[in-house]
Amino acid sequence: MDPNLNRNITGTEGVCDMNKGQSTFQSVKYSMPNNLDSKSNLNYKMTNYQESKDQPIDRLIIGDHTLVRTIYDKFKMCSRKEANEWRNQLIYEIARHSVSEELILYPLMRKRIPDGEKWYQDSIQDHQKIKELLQEVQSMDPSSSDFGSKVDETMKVLLSHIDEEEIQLLPLIRKTFSEEELISAGNSFVRRKFIVPTRPHSSIPIDPPTLEGLLGLLIAPIDKFRDLFTSYPDQDKVAEMSREATSFAQNSSRSKSMWDSSQCRH
Ligand SMILES: [Fe+2]
Ligand SMILES: [Fe+2]
């Protein structure tokens with residue numbers, strides 16, 4: 001459960017213990033976090049969906065990368081309280097992006113591009129490492145002295161992986177697949193992002209993707225329930241960043257951060 005949760009009204013908390021393979025439920029007191037605005041959150045999701053429809057998968061992936069870079073820049077420049085919210089948003093975006101890639105992009109790459117099997121093995125190894133680091137970041141108290149350095153360490157691994165995808169993998173994908181195939185994969189990628197887990201789960205096997213997809217379907221509702229009690233930044237602001245990232249990706253072959261870092265400082 002998120003450390004920022006205030007427990008004031010009665011609810012039921014479900015805890016899934018993956019090691020013991022069982023769920024336990026206990027009566028606890030919740031309060032709806034002050035910044036939870038489900039309407040804004042829904043608006044963000046709908047905006048994201050509308051703008052992502054019928055887009056080739058390589059552009060969607062660059063758009064996601066751009067958004068993640070921008071959120072990381074926000075994280076680095078904002079106050080401690082805001083850093084906690086941006087940390088949560090960062091994890092939310094990376095978790096959904098990674099699993100959707102594993103389920104949609106990576107099987108295609110494995111089958112069709114030259115040296116596909118090597119690309120696949122290297123990529124899932126990177127993802128596994130990133131998930132393990134993200135789990136550590138997720139469990140950390142933002143006030144601890146090594147919190148910032150752990151996020152930086154995680155992002156260093158992630159940004160190197162993203163660079164490799166954008167510079168080498170995506171051009172190969174574009175060369176191998178027709179525009180229709182890229183758009184069809186893009187639509188599957190967008191649909192997947194709405195039903196996959198929103199938190200990193202390094203214990204779920206990535207290969208075979210069918211098993212990962214199945215286990216993800218079971219775990220995603222638990223993640224979404226926990227998201228309700230997690231602090232996130234203003235979702236209208238995230239929606240705006242997402243729109244800018246999408247439009248940037250449609251006009252560029254590479255991602256970059258678009259956040260003006262002079263706006264917010266520790
Ligand atoms: Fe990836
Ligand atoms: Fe990626």
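Helices (H or I, at least four residues) and strands (E, at least two) are DSSP runs, numbered from the N terminus. This is a predicted model, in which local features need pLDDT of at least 70 and side-chain atom pairs count only at pLDDT 80 or more, whereas totals for chains, interfaces and linings use all residues. Residues are numbered from 1 along each chain as its sequence is written, while chains are lettered from A and ligands numbered from 1 in the order in which they are written.

Q: What makes up the secondary structure of the protein, and in what order do the elements run?
A: The protein has eight helices and two strands. From the N terminus on, the order is β-β-α-α-α-α-α-α-α-α.

Q: Why is D54 called exposed?
A: A residue is exposed if 12 or fewer other C-beta atoms, placed from the backbone, lie within 10 Å of its own, buried if 20 or more do, and partly exposed in between. D54 has 9 such atoms and is therefore exposed. D54 lies in the loop between α1 (38-52) and α2. Phi of D54 is near 60 degrees, a positive value in a residue other than glycine.

Q: How do you know whether D115 is buried or exposed?
A: D115 has 10 other C-beta atoms within 10 Å, and therefore counts as exposed. D115 is found in the loop between α3 and α4, and its phi is likewise near 60 degrees.

Q: Why is I204 called partly exposed?
A: I204 has 19 other C-beta atoms within 10 Å, and is therefore partly exposed. I204 sits in the loop between α6 and α7 (209-227). Not counting residues up to four places away in sequence, I204 touches E212, L215 and G216, where contact means C-beta atoms within 7 Å.

Q: What makes a set of residues a nonpolar core, and how many residues has the largest one here?
A: Such a core is a set of buried Ala, Val, Leu, Ile, Met, Phe, Trp, Tyr and Cys residues joined through C-beta atoms within 7 Å. The largest has 46 residues, and those with the most contacts inside it include I71, F75 and L90. Two or more residues come from each of α2 (57-77), α3 (80-112), α4 (116-139), α5 (147-176), α6 (179-193) and α8 (235-250). α3 gives the most, with 12 residues.

Q: Why are α3 and α6 called roughly antiparallel?
A: Angles run from 0 to 180 degrees between N-to-C directions of axes fitted to C-alpha atoms, for helices over the stretch in contact. Under 35 degrees counts as roughly parallel, over 145 as roughly antiparallel, 65 to 115 as roughly perpendicular and the rest as oblique. The axes of α3 and α6 come within 9 Å and cross at roughly 150 degrees; the two helices are therefore roughly antiparallel.

Q: How do the axes of α2 and α3 compare with these limits?
A: These axes come within 9 Å and cross at roughly 160 degrees. That makes α2 roughly antiparallel to α3. Among the residues meeting there are V68 and I71 in α2 and L90 and I94 in α3.

Conventions: Two residues are in contact if their C-beta atoms, placed from the backbone, lie within 7 Å.
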